[in-house]
Amino acid sequence: QVQLVESGGGLVQAGGSLRLSCAASGRIDSINTMAWYRQAPGKQRELVASITGGGSTNYADSVKGRFTISRDNAANTMYLEMNRLKPEDTAVYYCNVDARIAWYNSYQVYWGQGTQVTVSS
């Protein structure tokens, strides 16, 4: 199985910055795409940013130019650098990983428990 542990959430004032981390551990043979999702109260979970194994990135329009996703393949870790935070960025942020536990297995999607990000105005 694959375990995902997120860290780095917290309370910050508007205009501030936070850096989220997601560390994958367990029986991992390969990780394909890694992504961050978020879910605000009363809203559906939405994709924030994703990064492929080759480093190609994709961002939601609402965070382009403010957030940067990156990954350390050797450490099976993903990061989300969040700058110029806005109150509307307040949400629980979830790590999402497409991984396989052995070469003969198919890739499966795994989710972290989530980390709260609160941006005060």
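Predicted model: local features only at pLDDT ≥ 70, side-chain atom pairs only at ≥ 80, totals over all residues.
**Entry 1: ring pairs.** I began with the aromatic side chains. A pair of aromatic rings is described by the distance of the centres and the angle of the planes. I found three aromatic pairs. For tryptophan 103 and tyrosine 104, I noted ring centres 5.4 Å apart and planes at 85°. I classed this pair as edge-to-face because its angle is over 60 degrees. I also noted that ring pairs join Tyr37, Tyr94 and Trp111 in a cluster.

**Entry 2: accessibility.** Are tryptophan 103 and tyrosine 104 buried or exposed? Tryptophan 103 has a relative accessible area of 65%, so I recorded this residue as exposed. Tyrosine 104 comes to 53%, and I recorded tyrosine 104 as exposed because the cut-off is over 50%.

**Entry 3: charges over rings.** I then looked for arginines above tyrosine rings. The charged end of arginine 45 sits over the ring of tyrosine 94, 3.7 Å from the centre; tyrosine 94 also belongs to the ring cluster. Arginine 19 lies over the face of tyrosine 79, and I noted 4.1 Å to the ring centre.

**Entry 4: the core.** Which residues touch the most other members of the largest nonpolar core? I listed Trp36, Leu80, Met82 and Tyr93, out of 31 residues in that core. Strands that each supply at least two of the core residues include β3 (18-26), β4 (30-39) and β8 (77-82). The largest share, five residues, comes from β9.

**Entry 5: methionine 82.** I set aside the neighbours within four places in sequence. Among the remaining contacts of methionine 82 are Leu18, Leu20, Phe67, Tyr93 and Val117. Gly16, Ser17 and Arg66 are also in contact with methionine 82.

How values were computed:
Residues numbered from 1 in each chain as written. Heavy atoms only, no water. Phe/Tyr/Trp six-rings, centres within 6.5 Å; stacked < 30°, edge-to-face > 60°. Buried < 20%, exposed > 50% of the residue type's maximum accessible area, 1.4 Å probe, protein only. Lys NZ or Arg CZ within 6 Å of the ring centre and 35° of its normal. Core = buried A, V, L, I, M, F, W, Y, C linked by side-chain atoms within 4.5 Å. Helix = DSSP H or I, 4+ residues; strand = E, 2+ residues; numbered from the N terminus. Contact = heavy atoms within 4.5 Å.
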